[in-house]
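Biologist: I am new to this structure and would be grateful for a close look at one part of it, the place where the chains meet. Please begin with the fold of a single chain, and then take me to the interface.

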Protein chains: 2
Amino acid sequence: MAREMVRQGGRSARIQSEVHRTVRDMLKTMDRGEITVPMIAEKSGVTPSTIYRRWGDLSELLADVAVARMRPVADPEDTGAMGSDLETFILQYAEEMSSKVGRSMLADVLGSMEGNAAGRCCQFTYDHLETLRERALSRGESGFDVSEAIDVVVAPIIYHILFGDRELTTDYCRSLVSSFLEKCAGA
Amino acid sequence: MAREMVRQGGRSARIQSEVHRTVRDMLKTMDRGEITVPMIAEKSGVTPSTIYRRWGDLSELLADVAVARMRPVADPEDTGAMGSDLETFILQYAEEMSSKVGRSMLADVLGSMEGNAAGRCCQFTYDHLETLRERALSRGESGFDVSEAIDVVVAPIIYHILFGDRELTTDYCRSLVSSFLEKCAGA
DNA sequence: CGGCTAACGCTAAAAATTTGCGTTAAGGTG
DNA sequence: CACCTTAACGCAAATTTTTAGCGTTAGCCG
């Protein structure tokens, strides 16, 4: 059979989760700059060559781990109304992404070129917003444009986290959301 | 004398410019992933240890080169009116940053932790916008809030470049600018 | 001009990465 | 269920990259 196959279960999967777990553990106690592939290999009981063959290099591995961590485990909380749904989600999003691990994940995701890690992880955000939009519509609310929400609310938050040019206060995030909601109402 | 000194002229400066030039040349013809410190050292006629001692590692060197490239050489063009000034500047900004070298510079700048490379380079953008604002005021126009311009216009552009989730067309950039100008007029 | 020392070059040692080859085990087939 | 194919792994040698010690060069200051 000429089809490309990717092993999903058994040893291969066990190694992947073991390596991922090791990386997450290491990121808790040490800086990203002092983590090396041989270290990860030893702590996870895998030979370095396996890691190199499977992920290519350290930055790709870190990106892979970061994307896996950002993958949502549940839908955003339902607070009963679109405005509060959006605010709750954005505040939590800003909180997570501006934390030390959040900034680290962002950097890792943006530092990889293979596998479109950045695209996949911003898709998570898009999907969450889409969920909120559909939820609003099913309540009879007017809904909102997801792309516009990203431009007006998400993009500034990410920008300030990445460039560190501004404190990301709760009030500021709230103002972004309310500014967006007003724009929706006006349109 | 106990004071820390940094050599500015002579050999040290010559080496810096030589290494920078070599890096810029290499980035034209090859991918960032295949550039190594020993390569740069050989092509620029410097020993690797000098590069390691001076810049620490490859990512710091690349960030240093990127910041130097992004440092503006002139003020943004004066088109005679605030709206067209802003549009001209943003279109050129989007063009430069979304190009291959632009994306590479962004990635390099965000991938370094020393020296606040990211902060310094977003300061360039801030300064340019501030120039446009002052120019508008001196013409008798109402001006605009620079931080708001960054949130509404610059941040979305950078976001879409980094995450690759959307085509960055001229029309789209123009719509961001006009949306911002309307917001200014309304406020 | 002469002293001081930051910054460089050279070299050897250490660490990381790549590569070849044999082995293990996942997943499909008869 | 036993067998076959081959993706994925482990091991170890070869290669490359990075670090560190030490002597030398050349800015900068008095």
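Modeller: Along its sequence, chain A of this predicted model runs in the pattern α-α-α-α-α-α-α-α-α. The domain assignment divides chain A into domain 1, residues 11-56, and domain 2, residues 74-186. Between the centres of these two domains of chain A, taken over C-alpha atoms, lie 30 Å. Along the principal axes, the C-alpha atoms of chain A occupy a box of roughly 60 × 45 × 25 Å.

With the single chain described, the interface can be considered. Chain B contributes 26 residues to the contact, and chain A contributes 26 residues. The area buried between chain B and chain A is about 2100 Å², and carbon and sulfur atoms give 67% of it. Three residues, Asp151(B), Tyr159(B) and Phe163(B), provide 32% of the area that chain B buries against chain A, which is more than any other three residues supply.

As for specific pairings, the count of salt bridges between chain B and chain A is zero. Four residue pairs in polar contact are found across the interface of chain B and chain A, with both residues of each pair at pLDDT 80 or more.

Four helices of chain B each supply at least two residues of the side that touches chain A: helix H6 (100-110), helix H7 (117-139), helix H8 (146-163) and helix H9 (170-186). Of the elements of chain B, H8(B) gives the most to this side, with eleven residues. Sorted by class, the side of chain B that touches chain A holds 16 nonpolar, five polar and five charged residues.

There remains the question of how the two copies are arranged. In general, two copies of a chain are related by a rotation about an axis and a shift along it. Here, chain B is superposed on chain A by a rotation of 180 degrees with 0.0 Å of shift along the axis, at an RMSD of 0.1 Å. The two copies are therefore related as by a two-fold rotation axis. Among the residues of chain B, Ala155(B) comes closest to the rotation axis, with its C-alpha at 2.7 Å. Finally, 100% of the interface residues of chain B are also interface residues in chain A, and so the copies meet through the same surface.

Definitions and conventions. Residues numbered from 1 in each chain as written. Chains lettered and ligands numbered in written order. Predicted model: local features only at pLDDT ≥ 70, side-chain atom pairs only at ≥ 80, totals over all residues. Heavy atoms only, no water. Domains from an automatic or database assignment. Contact = heavy atoms within 4.5 Å. Buried area = accessible area lost by both parts, 1.4 Å probe. Salt bridge = Lys/Arg side-chain N within 4 Å of Asp/Glu carboxyl O. Polar contact = N/O pair within 3.5 Å; in protein donor to acceptor, adjacent residues only side chain to side chain. Nonpolar A, V, L, I, M, F, W, Y, C, P; charged D, E, K, R; others polar. Least-squares fit on C-alpha atoms with pLDDT ≥ 70 in both.
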